[in-house]
Amino acid sequence: EYSRYLHAHLDTPLTEYNIDIDLPGNFKDHWAKNLPFLIENYEEQPGLQPHIKDVLFQNFESYKPDVQELVCVADHLGSMMQYETPGFLPNKRIHRAMGLATLEVMQAVQRTWANSKVRMNGKTRLMQWRDMFDIAVKWRRIADPDQPVLWLDQMPARSLSRGFNNHINLIRGQVINMRYLEYFEKILHFIKDRILVYHGANNPKGLLEVREALEKVHKVEDLLPIMKFNSKTRDGFTVNTKVPSLKDQGKEYDGFTITITGDKVGNILFSVETQTTEERTQLYHAEIDALYKDLTAKGKILILSAELGEVDAVCNLILSLVYYFYNLMPLSRGSSVIAYSVIMGALMASGKEVSGKIPKGKANLFCFVDFQLVDFEAMTAPGSEAFSKVARSWMNLKSISPSYKSLPSVSETFPTLRTMIEVLNTDSSHCLKKTIVVV
């Protein structure tokens with residue numbers, strides 16, 4: 001059904017339609033939750049139309065030299081997002097897609113700071129933060145159309161009112177999810193702190209005993225005896241993280257939930273999840289709106305002034321904005337790689353580019369087939385400033401290469417779904433030499 005929809009829009013300008021609005025609510029809900037295709041009163045998408053030509057293989061040499069350079073630079077930028085670990089192979093198709101997304105974000109943000117408007121759904125208006133992320137969303141969607149990359153707040157109201165959960169098991173029985181092992185100790189320290197707070201309020205007499213027991217806790221399984229100190233937590237407990245607001249000092253938002261249940265080693269469930277509800281989404285949106293407004297104002301000043309302080313302020317605003325996006329987890333899939341390509345693109349618009357690779361161990365939480373990115377780093381950071389500091393420590397920001405200014409417009413070069421698919425399918429094996437020259 002989704003293929004039928006895409007086929008019907010192969011040659012429609014991407015700015016003239018919107019998947020989140022066009023697809024039926026129940027269809028999106030079932031797809032995102034991987035439910036059986038049993039939808040009442042569903043109206044099928046139109047069948048494959050014979051007048052719409054098939055997507056043909058595009059020879060790389062048939063592109064103009066400046067477009068070839070654009071593709072090669074995109075391949076390089078996408079490879080910067082790869083997490084290097086044994087057994088985790090690169091997906092070069094997604095590398096190219098997200099590299100092109102990064103360049104398109106850079107160009108769109110630069111136009112916005114120069115007071116230019118964008119065209120969305122047949123209307124011309126000022127670009128908002130969601131438009132910036134939608135650039136990366138469209139590339140992530142077409143890189144792997146099988147996966148539902150959908151905005152959760154565009155789901156049916158009934159689905160959102162119940163809460164849309166992103167859930168992952170870190171330990172289940174005897175199975176340990178090794179990808180996230182790097183963060184076990186960090187989460188463990190957080191849990192121990194919350195246990196002390198809980199017992200301080202509900203079991204002050206036994207606080208000393210609990211504190212002594214916690215000093216002997218070095219791994220998650222060691223928490224099982226601690227759970228028996230209180231009748232209410234004997235069978236397990238949940239711990240909620242909080243995300244401090246920058247807009248309203250002292251205010252906190254719900255982050256993610258850590259759950260531990262079980263009665264013995266080998267029978268433990270250690271999991272984390274975020275619950276996207278309408279109320280929570282509105283709070284995060286208000287925070288992101290305020291940061292984006294500030295970012296746009298600072299970006300316009302930056303165009304007129306190249307002072308180091310202005311650049312630094314813009315970089316911090318970009319990372320702060322994405323910090324809240326990571327914690328919100330507003331997409332059914334792909335939030336992590338989409339956010340990181342927005343970081344890279346917006347930083348490039350400010351005159352800085354990422355030259356460092358994501359260090360080993362910075363695992364991605366909910367984006368299984370994208371890349372190991374920094375969403376969990378944001379979700380476990382005590383605030384946006386702490387996240388910005390950690391992220392900048394490995395990004396190794398440097399002044400942007402002047403060659404980026406000569407690249408053609410991504411949105412004008414690939415204005416339709418057909419042209420996007422063609423460029424993702426084309427072979428560019430000889431890009432290596434070109435990329436070395438460009439960067």
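The structure is a predicted model, and the values below are computed from it. The domain assignment divides the chain into domain 1, made of residues 1-159 + 279-433, and domain 2, made of residues 165-275. The largest nonpolar core has 103 residues, and the structure holds 14 salt bridges.

**Domains**

- Domain 1 is assigned to two stretches, 1-159 and 279-433, whereas domain 2 is assigned to 165-275.
- The C-alpha centres of domain 1 and domain 2 lie 33 Å apart, and across the boundary 31 residues of domain 1 are in contact with 23 residues of domain 2.

**Nonpolar cores**

- Within the largest nonpolar core, which has 103 residues, those with the most contacts inside it are Leu103, Phe133, Trp139 and Phe414. Helix α12, spanning residues 308-328, gives the most to this core, with 13 residues.
- A second, separate core of 30 residues includes Phe184, Leu188, Val217 and Phe256.
- Once neighbours within four places in sequence are left aside, Phe133 is in contact with Trp151, Leu321, Val322, Phe325, Ile338, Ala339 and Val342.
- In soluble globular proteins, nonpolar side chains tend to be buried together.

**A mostly covered helix**

- Helix α17, formed by residues 417-425, is mostly covered, with eight of its nine residues buried. The buried residues are Leu417, Arg418, Thr419, Met420, Ile421, Glu422, Val423 and Leu424, a list that includes the charged residues Arg418 and Glu422.
- The buried residues of α17 pack against α1 (2-8), α4 (65-79), α5 (92-113), α6 (129-143) and α16 (410-413).

**Surface features**

- Ile176, Met178 and Leu181 form a nonpolar patch on the surface, and together they have about 280 Å² of accessible area.
- Leu181 belongs to helix α8, which covers residues 181-202, and Leu181 counts as partly exposed because its relative accessibility is 40%.
- Thr238 is found in strand β5, residues 236-244, and is classed as exposed because its relative accessible area is 51%, where the cut-off is over 50%.
- Not counting residues up to four places away in sequence, Thr238 touches Thr257, Ile258 and Thr259.
- Thr238 and Gln147 are 91 residues apart along the chain, and their C-alpha atoms are separated by 30 Å.

**Salt bridges**

- Arg130 forms a salt bridge with Asp153, in which the closest N and O atoms are 2.5 Å apart. This pair links distant parts of the chain, since Arg130 lies in helix α6 and Asp153 in the loop between α6 and α7 (157-162), 23 residues apart. Asp153 is partly exposed, with a relative accessible area of 23%.
- Asp29 forms a salt bridge with Lys33, the closest N and O atoms being 3.2 Å apart. Asp29 is buried, with a relative accessible area of 7%, whereas Lys33 counts as partly exposed at 31% relative accessibility.
- The side chains of Asp222 and Lys219 meet in a salt bridge with an N to O distance of 3.4 Å. Asp222 is partly exposed, with a relative accessible area of 21%, and Lys219 is also partly exposed, with a value of 47%.
- Glu1, Arg4 and Glu44 are linked in a network of salt bridges.

How values were computed
Residues numbered from 1 in each chain as written. Predicted model: local features only at pLDDT ≥ 70, side-chain atom pairs only at ≥ 80, totals over all residues. Heavy atoms only, no water. Patch = residues over 30% accessible without salt bridge, like charges linked within 9 Å, V, L, I, M, F, W, Y side chains within 5 Å. Areas by Shrake-Rupley, 256 points an atom, 1.4 Å probe, with all protein chains shown as cover. Salt bridge = Lys/Arg side-chain N within 4 Å of Asp/Glu carboxyl O. Helix = DSSP H or I, 4+ residues; strand = E, 2+ residues; numbered from the N terminus. Buried < 20%, exposed > 50% of the residue type's maximum accessible area, 1.4 Å probe, protein only. Core = buried A, V, L, I, M, F, W, Y, C linked by side-chain atoms within 4.5 Å. Contact = heavy atoms within 4.5 Å. Domains from an automatic or database assignment.
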